[in-house]
Amino acid sequence: MKIVIAPDSFKESLSAPAAAQAIARGVHQAFPGAQTVCIPMADGGEGTVQAVLAATGGQWRETAVRGALGEPRQAGWGWLPDGAAVIEMATAAGLELMPPAERDPMRASSHGVGELVRAALDAGARRIILGLGGSATNDGGAGMLAALGLRLLDEQGAELPPGGAALARLASLDTSGLDPRLRDVQVEVACDVDNPLCGPQGASHVFGPQKGATPEQVLELDRSLARLADVCAAHLSRDLRDTPGAGAAGGLGYAALAFLDAAFRPGVEIVAELGGLEQAMEGAALAFTGEGRMDAQTLRGKTPAGVARIASRAGVPVIALAGSLGEGYDALYGAGITSAFSLASGPMTLQQACQQAEALLADRARDAMRLWMAAARRRL
């Protein structure tokens, strides 16, 4: 019996590869003869590079970059056997890299992301997959573009300092130094949000507060991004601020659209394609997926919904395992999830749940597998 195991990471406790192995262990406890196929998944956010490398046999690489506030750090990225590069912006400018007290979206810069793109170009990449989840920045991708050779200038012709707030003084662009290799590389953005750059549903209003922005700063950052869009529209003769996804990662989606000619795709689709998930579903009797928390938002491009969609096309039932099940999780039943279970075996703190996640995940997989096998025997 073939069983496909395709979970996302469980935040702060298990990577996607570790989660897949834990589920496989539970399945084998219930059914030692099962043929398990593990395909670690991600949706473009944290853990995307790890999941893709585990599925493809790619190579982990590291590059010295500037962090979101200019601090030196080593940021990881992936090199695939076919010569493509996978970049996760969160490894260079991620929110989880910064303690809450240090978060400052007014000054935070995506410069390190541009340095990762440059490293991929130096390696000879002809395709770059860029995951936009988990950013600490709200600079419209200006830092990334500066690292790639774009100059953002004020009225006096001086280069702007890093950060979203400085964009309010943007007067002109100098694209003469923009890396010419960008013209020859295919950029795919893995993204699960459709927010525009500016306005009530834009980057600053929707995502700014979780990055530390006060209500007053949200308004200032939104005006700064509008200024960026105005100057870019005049320079490019096209206005992309309202394009779905432009507001992703503090507006880095906008920069990718405007200057990298990027194509946007749901992250789960890209990872599933690279890992061969659709092919793996052929002939499978059952599939497992999961993530740290499942609720109504899971339907908006998250891994369990994507796995269920692919499994449904092959007629494969799906069991979802989650650290917690939030409000509206039952909406997933209409999207291809057969049943969903939370991991906790009794009252416990979040810290305890994270510490025991591997064992809890294996136990719930074992329990779900036993139930499924009992039902299968009755059908026979």
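Predicted model: local features only at pLDDT ≥ 70, side-chain atom pairs only at ≥ 80, totals over all residues.

Trainee: How do you describe two packed helices?
Mentor: By the angle between their axes and the distance between the axes. Axes here are lines fitted to C-alpha atoms, for helices over the stretch in contact, and angles run from 0 to 180 degrees between N-to-C directions. Helices (H or I, at least four residues) and strands (E, at least two) are DSSP runs, numbered from the N terminus.

Trainee: OK. At what angle do H9 and H11 pack?
Mentor: About 55 degrees, with the axes 9 Å apart. H9 covers residues 267-275 and H11 covers 303-313. The two are therefore oblique to each other. Angles under 35 degrees count as roughly parallel, over 145 as roughly antiparallel, 65 to 115 as roughly perpendicular and the rest as oblique.

Trainee: Which residues make the contact?
Mentor: Val268, Glu269 and Ala272 from H9, and Thr303, Gly306, Arg309 and Ile310 from H11. Contact means heavy atoms within 4.5 Å. By class, that contact has three nonpolar, two polar and two charged residues. Ala, Val, Leu, Ile, Met, Phe, Trp, Tyr, Cys and Pro count as nonpolar, Asp, Glu, Lys and Arg as charged, and the others, Gly among them, as polar.

Trainee: What about H2 and H9, at what angle do they pack?
Mentor: About 20 degrees, with axes 8 Å apart. That makes H2 roughly parallel to H9. Thr48, Val52, Ala55 and Thr56 in H2 meet Val271, Leu274 and Gly275 in H9. This contact has four nonpolar, three polar and no charged residues.

Trainee: How many residues of H9 are buried?
Mentor: Seven of the nine, so H9 is largely enclosed by the rest of the structure. Buried means under 20% relative accessible area, exposed over 50%, partly exposed in between (1.4 Å probe, protein chains only). Val268, Ile270 and Leu274 are among the buried ones. Their cover includes helix H2 (48-56), strand E6 (127-131), helix H10 (277-281) and H11. Just after H9, glycine 276 takes a positive phi of about 70 degrees.

Trainee: And how many in H11?
Mentor: Eight of its 11 residues are buried, so to speak mostly covered. H9, H10, strand E11 (286-294) and strand E12 (318-325) are included in what covers them. Glycine 315 follows H11, and its phi is positive, near 70 degrees.

Trainee: New topic. Is glutamate 88 buried or exposed?
Mentor: Buried, with a relative accessible area of 6%. Glutamate 88 lies in strand E5 (residues 84-88). A polar atom of its side chain lies 3.0 Å from the backbone nitrogen of threonine 48. Leaving aside neighbours within four places in sequence, the contacts of glutamate 88 include Gly45, Thr48, Leu116 and Gly131.

Trainee: Last one. Where does serine 339 lie?
Mentor: In strand E13 (residues 339-342). Serine 339 counts as buried, at 18% relative accessibility. Not counting residues up to four places away in sequence, serine 339 touches Val318, Ile319, Ala320 and Tyr333. Its C-alpha atom is 15 Å from that of leucine 299, 40 residues apart along the chain.

Notes. Residues numbered from 1 in each chain as written. Heavy atoms only, no water. Polar contact = N/O pair within 3.5 Å; in protein donor to acceptor, adjacent residues only side chain to side chain.
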